[in-house]
Amino acid sequence: QVVVSEDCGMTWKKINSGDAVPKAGLNMCYMKVVIPNYPMQGESKFIGNLKGKVRVNTHVDYDYSITDPLAFIKQAKYLGKANSNADSEEALLDSKFEGAENSIIDKRIKDVAKNVFLSEDILEMEQSELEDKLFIESNKILEQHGVKLNFITLTFDMDEQTRQAIDVATAMKIYESKGLGDLGKTVISAKAGATKVVVENKLTQPTTPTE
C-alpha cells in the first residue's frame, strides 16, 4: 500500500496496484510511505476505572490492519521519508508503527475503555462480553482513521486488597442467597482476623559422632 505526497505531507495520493510510483526528483517536499498490508500486533497498558471507582491495571493485546492508507497517513504524517530517502521500496517495519499505534490506536482504545468500564460491575461482569463491547466500540472510531481491529484480548491485574474484597463480596452473595447472611458475616470476620501461620521446615546435616 503506497501513498505519496508532493507537498510535505499536506495532501496524499494512493498509488493503485500496478501503477508506476513517481520518483522524488528535485522536489524536496516529496514523501512516500509504503504501508504494510498484513495484520500487525500491538498492546496497550493503562489504569482503568470500573463501576464504583474500582481501579484495575488493564492490559489490552490487539491485532490490527490498516484498511485505508490515506485516512491512516493523515494521522501519522511523520512516518513519511522525505526526498532522497523516499525512493526506497521497503515497507516500514512494525517497530516504526509504535508511535502511530500510541497516537492513533492506543489513545482511542483508552478513550472507549473509560466510557465502557464505568458501567461494569467487577463482581458481575463477563470478561468475554466486555471484550466484545470494547472491540466493537473501538472499531467504530478507528475505522474513521483507516484502521480495523481484528481481535483484542483483555486482562485485568488487581492488587491483593481488591482481590480480597472481591472474594468477600462473592462469598457474602452466596451466604445471603441461602439465607445465611449473619453466619457469613461471622465466618468472614473470623477469617479476616485469623492469624496466618507459616510452617518452615529446616533440614540440618546430621552430625558425625566423634571418637
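The structure is a predicted model, in which local features need pLDDT of at least 70 and side-chain atom pairs count only at pLDDT 80 or more, whereas totals for chains, interfaces and linings use all residues. Residues are numbered from 1 along each chain as its sequence is written, and side-chain values use heavy atoms, with hydrogens and water left out.

The secondary structure of the protein chain comprises five helices and seven strands, where helices (H or I, at least four residues) and strands (E, at least two) are DSSP runs numbered from the N terminus. Read from the N terminus, the elements follow the order β-β-β-β-β-α-β-α-α-β-α-α. Of the 211 residues of the protein chain, 35% count as buried, a term that stands for under 20% relative accessible area, with exposed meaning over 50% and partly exposed in between (1.4 Å probe, protein chains only). Among contacts (heavy atoms within 4.5 Å) between residues at least 6 apart in sequence, 66% join residues at least 24 apart.

Strand β1 (residues 2–5) runs antiparallel to β3, and four bridges join the two; strands are taken to pair if DSSP finds at least two bridges between them. Val4 has its place in strand β1, and its bridge partner in β3 is Lys32. These two residues are 28 apart in sequence, yet their C-alpha atoms are 4.3 Å apart in space. Val4 is buried, with a relative accessible area of 4%, and, leaving aside its neighbours within four places in sequence, Val4 is in contact with Thr11, Trp12, Lys13, Ile15, Val21, Tyr30, Met31 and Lys32. In β3, Met31 and Val33 point one way and Lys32 and Val34 the other way, and all are buried. In a regular strand, side chains alternate between the two faces of the sheet.

One disulfide is counted, the criterion being a pair of cysteine sulfur atoms within 2.5 Å. The disulfide joins Cys8 to Cys29, with an S to S distance of 1.7 Å. Cys8 lies in the loop between β1 and β2 (13–15) and Cys29 in the loop between β2 and β3, so that the pair links distant parts of the chain, 21 residues apart. The torsion about the S-S bond is about -80 degrees, and the disulfide is therefore left-handed. Cys8 is partly exposed at a relative accessible area of 39%, as is Cys29 at 26%.

A nonpolar core is defined as a set of buried Ala, Val, Leu, Ile, Met, Phe, Trp, Tyr and Cys residues joined through side-chain atoms within 4.5 Å. The largest such core has 34 residues, of which Ile105 and Phe117 touch the most other members. The elements that give two or more residues to this core are β3 (31–34), β4 (40–50), β5 (54–66), α1 (69–75), α2, α3 and β7 (147–157), and α2 gives the most, with eight residues. When residues up to four places away in sequence are not counted, Phe117 touches Phe46, Gly48, Asn49, Leu50, Lys51, Thr58, Leu130, Leu154 and Phe156. A second, separate core of six residues includes Val2, Val4, Ala24 and Tyr30.

Three salt bridges are counted, each requiring a side-chain nitrogen of Lys or Arg within 4 Å of a carboxyl oxygen of Asp or Glu. The side chains of Lys107 and Asp111 form one of them at 3.4 Å, N to O; both residues lie in helix α2 (residues 98–117), four residues apart, about one turn of the helix. Lys107 is partly exposed at 43% relative accessibility, and Asp111 is likewise partly exposed, at 34%. Lys133 forms a salt bridge with Glu120, their closest N and O atoms being 3.0 Å apart. Lys133 lies in helix α3 (residues 127–142) and Glu120 in the loop between α2 and α3, so this pair ties together parts that are 13 residues apart in sequence. Glu120 is buried, with a relative accessible area of 11%, whereas Lys133 is partly exposed at 36%. The side chains of Lys140 and Glu137 meet at 3.3 Å, N to O, in a salt bridge, and both residues lie in helix α3, three residues apart, about one turn of the helix.
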